[in-house]
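Try each task on your own before reading its solution.

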Amino acid sequence: MPLDPDPALFRAVVTTIVPEAAALDDAGWREFDGVVEALLGARPESLKRQLRFFLRGIQWLPVIRYGRRFTSLSSESRARVLAHLQNDPIQKIRIGFWGLRTIVLAGYYGRPAAARAIGYAASPRGWEALR
Amino acid sequence: MTRRSYDIVIVGSGAGGGTVAQGLSTLCRQGLRIAVLEKGPRLRDHEFNGNELEMAGALYADGGGFLTADGSMTLAFGCAYGGSTVVYTGTSMLPPERVIRRWNVPDLAHDDLECRARKFMAQNNVHLIEDDLINENNKLFVAGCRQLSYDVRQFPVNIKGCRGSSLCNLGCPNQAKQGTDRVQLPNAERNGVEVVTRCEVVSIGERTLTARVAAKGGGAKGDLSSWEPGEYQIEAKIIILSAGAIHTPALLLRSGFAGSLPRLGRGFTCHPAMIMVAEHARPITNFVGHPKSYYVDEFAESQHFVLETCMYFPFVTAKSLAGFGAAHSTFMRAFPRLQMILVLACDKADEYNRVTTGAAGQPVVEYRFQREAIEGLIRGAITSARIFFAAGAVRVHMPVARDTTIDAADVGRLEEIAARAEFVPGRVPVSAAHMQGGCGMGAHAAGSVTDAWGRVHGLPWLFVADASLFPNSLEINPYVTIMALADRVAQRIREDASALL
């Protein structure tokens with residue numbers, strides 16, 4: 001798991017951001033993790049630490065409101081927690097969520113299988129490939 | 001540390017560096033030694049495969065994810081043989097007369113810039129794409145604009161043998177785009193200019209540069225550098241900085257030039273941009289054909305925005321849609337039915353927005369969204385929605401609206417939606433690819449960094465030839481103007497060669 005030692009937490013966040021990710025099989029998740037690892041590999045260690053910290057915050061913050069950790073919440077409640085972070089009055093929190101969301105979207109939509117699944121089929125052959 | 005010596009060293013190989021290299025390359029016939037030092041790799045033709053993340057990682061600085069200091073905007077710029085000309089769409093615009101007049105730089109006339117710009121437009125095969133090669137993503141934009149009586153115009157583009165891959169922003173897989181990597185740099189090399197890739201200039205001093213050549217990483221794309229990996233000290237009688245509007249000011253700042261150049265890094269603008277997405281009821285041709293064929297700039301002066309057609313790839317599209325979850329996925333699953341418009345805000349140079357350096361000397365872009373730019377993004381989003389609906393779209397994604405999905409039935413409520421729109425940094429996805437300023441031209445060091453010919457005030461051996469020369473926003477796609485300014489730098493150096501060399 002590239003971001004957090006607890007795979008359940010990261011995957012709960014991923015499937016809240018991209019519900020289709022719930023249908024990924026083991027190979028799909030391995031591919032997802034590979035994209036995220038490659039993306040984070042070139043980034044400074046400080047950024048990775050911040051993301052891990054942010055992820056742990058997502059796990060424990062819901063305890064205040066819901067009395068349960070993020071991974072124990074329903075999908076609707078998980079979405080509400082993330083929406084709160086996205087709209088938080090503190091810009092740093094919004095940016096933190098935006099960064100995490102970007103990594104998740106890269107991991108999911110950066111896979112050729114996801115591109116195919118949404119009907120994206122650009123080809124170097126351009127018009128010729130369409131005919 | 002290995003030592004090298006040249007007559008002229010050019011830092012960077014994009015629109016500025018490539019052009020100045022070609023312009024000076026005739027001096028090689030007189031025995032002068034000229035080198036271009038490029039931080040990025042030089043890819044082989046077959047390595048341009050259109051894979052989104054792979055190509056972004058190979059061709060863009062930070063894989064296309066360079067962020068402003070507060071993280072609220074992504075800045076995308078190339079880092080490869082050819083710089084950003086490898087990853088733009090090739091849209092080729094003459095410098096606007098009103099902007100050059102407003103810049104008010106002594107000894108810089110619009111006529112002169114236009115004449116030079118036309119020379120490069122001819123050299124790079126700039127023309128209007130034939131109508132039968134234009135896809136529906138672009139044609140629907142034209143149809144919507146005409147229905148609303150907007151003044152829609154076609155972009156001249158610098159392509160030759162385009163197959164319509166739509167992959168321009170990932171480097172053309174068919175070598176159709178005529179960037180400096182295809183035209184000016186090969187010309188310069190034929191005349192004897194040496195181009196050294198994977199070579200990052202760390203600092204400059206009085207007629208010297210310190211540089212670091214990186215080894216090629218395992219699995220990375222591109223050729224090995226012609227120099228062995230390691231540290232280099234390079235002597236040069238003339239140094240020309242063409243590393244772009246982020247890295248050129250940062251290089252000068254970390255090299256200690258701020259004391260004599262108080263405007264260094266100041267005046268940064270970038271055309272903050274928002275990608276608007278709409279869904280049609282039927283599939284349209286969108287990921288085939290040239291992605292950026294038309295624009296509307298009639299609102300640039302009055303409402304601070306320009307609209308351009310665009311088409312992006314799955315990850316960039318996903319990142320550009322606000323929000324997450326089911327609503328987000330619904331738009332992504334409609335990909336073959338999506339139409340896209342890019343809203344570019346016309347930001348202006350101010351006292352806050354600037355390039356600085358971090359503790360390790362790395363570039364840091366301090367940027368705050370100006371009120372006019374925010375208004376431009378919101379008004380541009382609403383105008384885009386009108387165009388989408390006029391073209392027959394059934395739904396529009398509106399990143400600045402409280403409810404980001406707007407149905408066609410809501411077209412009468414667009415002004416109400418505009419009035420309630422919220423631009424919240426960090427929630428609304430904003431990116432930019434037209435970085436400008438930081439070494440603005442002008443008459444004196446108190447108010448500028450270089451003169452009208454790119455020479456740094458007080459340092460006759462040091463020149464700048466890239467978009468950092470712009471004293472304020474150009475308000476259009478900048479690369480042809482960069483080439484025109486770089487041509488002036490080359491001319492000045494050729495004329496002064498006997499004194500400088």
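The model is predicted: local features need pLDDT of at least 70, side-chain atom pairs count only at pLDDT 80 or more, and totals for chains, interfaces and linings use all residues. Residues are numbered from 1 along each chain as its sequence is written, while chains are lettered from A and ligands numbered from 1 in the order in which they are written.

**Exercise 1. Confidence**

Find the pLDDT that chain B averages, and the ipTM of the complex.

Solution. Start with the scale: pLDDT is the predictor's confidence in each residue, from 0 to 100. The average for chain B is 97, and 100% of its residues score at least 70. For the complex, the predictor gives an ipTM of 0.96 and a pTM of 0.96.

**Exercise 2. The make-up of chain A**

How many helices and how many strands does chain A have?

Solution. Helices (H or I, at least four residues) and strands (E, at least two) are DSSP runs, numbered from the N terminus. On that basis chain A has eight helices and zero strands. Read from the N terminus, the order is α-α-α-α-α-α-α-α. Next, picture a box along the principal axes: the C-alpha atoms of chain A fill roughly 55 × 35 × 30 Å.

**Exercise 3. Two helices of chain A**

At what angle do helix α3 (residues 45-60) of chain A and α6(A) pack?

Solution. Axes are lines fitted to C-alpha atoms, for helices over the stretch in contact, and angles run from 0 to 180 degrees between N-to-C directions. The angle between α3(A) and α6(A) is about 100 degrees, and their axes are 10 Å apart. Angles under 35 degrees count as roughly parallel, over 145 as roughly antiparallel, 65 to 115 as roughly perpendicular and the rest as oblique. The two helices α3(A) and α6(A) are therefore roughly perpendicular to each other.

Now look for contacts, which require C-beta atoms, placed from the backbone, to lie within 7 Å. From α3(A), the residues A:L51, A:F54 and A:L55 meet A:G96, A:G99 and A:L100 of α6(A). Sorted by class, this contact has four nonpolar, two polar and no charged residues. Here Ala, Val, Leu, Ile, Met, Phe, Trp, Tyr, Cys and Pro count as nonpolar, Asp, Glu, Lys and Arg as charged, and the others, Gly among them, as polar.

**Exercise 4. Where the chains meet**

Which element gives the most to the side of chain A that touches chain B?

Solution. Begin with the totals: 36 residues of chain A contact 32 residues of chain B. Elements giving two or more residues to chain A's side include α1 (7-17), α5 (75-86) and α6 (91-109) of chain A. Of these, α6(A) gives the most, with 10 residues. By class, chain A's side has 21 nonpolar, 10 polar and five charged residues.

**Exercise 5. The domains of chain B**

What distance separates the centres of domain 1 of chain B and domain 2 of chain B?

Solution. Domain bounds come from an automatic or database domain assignment. Domain 1 of chain B covers 2-125 + 168-266 + 436-500, and domain 2 covers 131-155 + 273-346 + 370-424. Taken over C-alpha atoms, their centres are 32 Å apart. The contact takes seven residues from domain 1 of chain B and eight from domain 2 of chain B.

How values were computed. Two residues are in contact if their C-beta atoms, placed from the backbone, lie within 7 Å.
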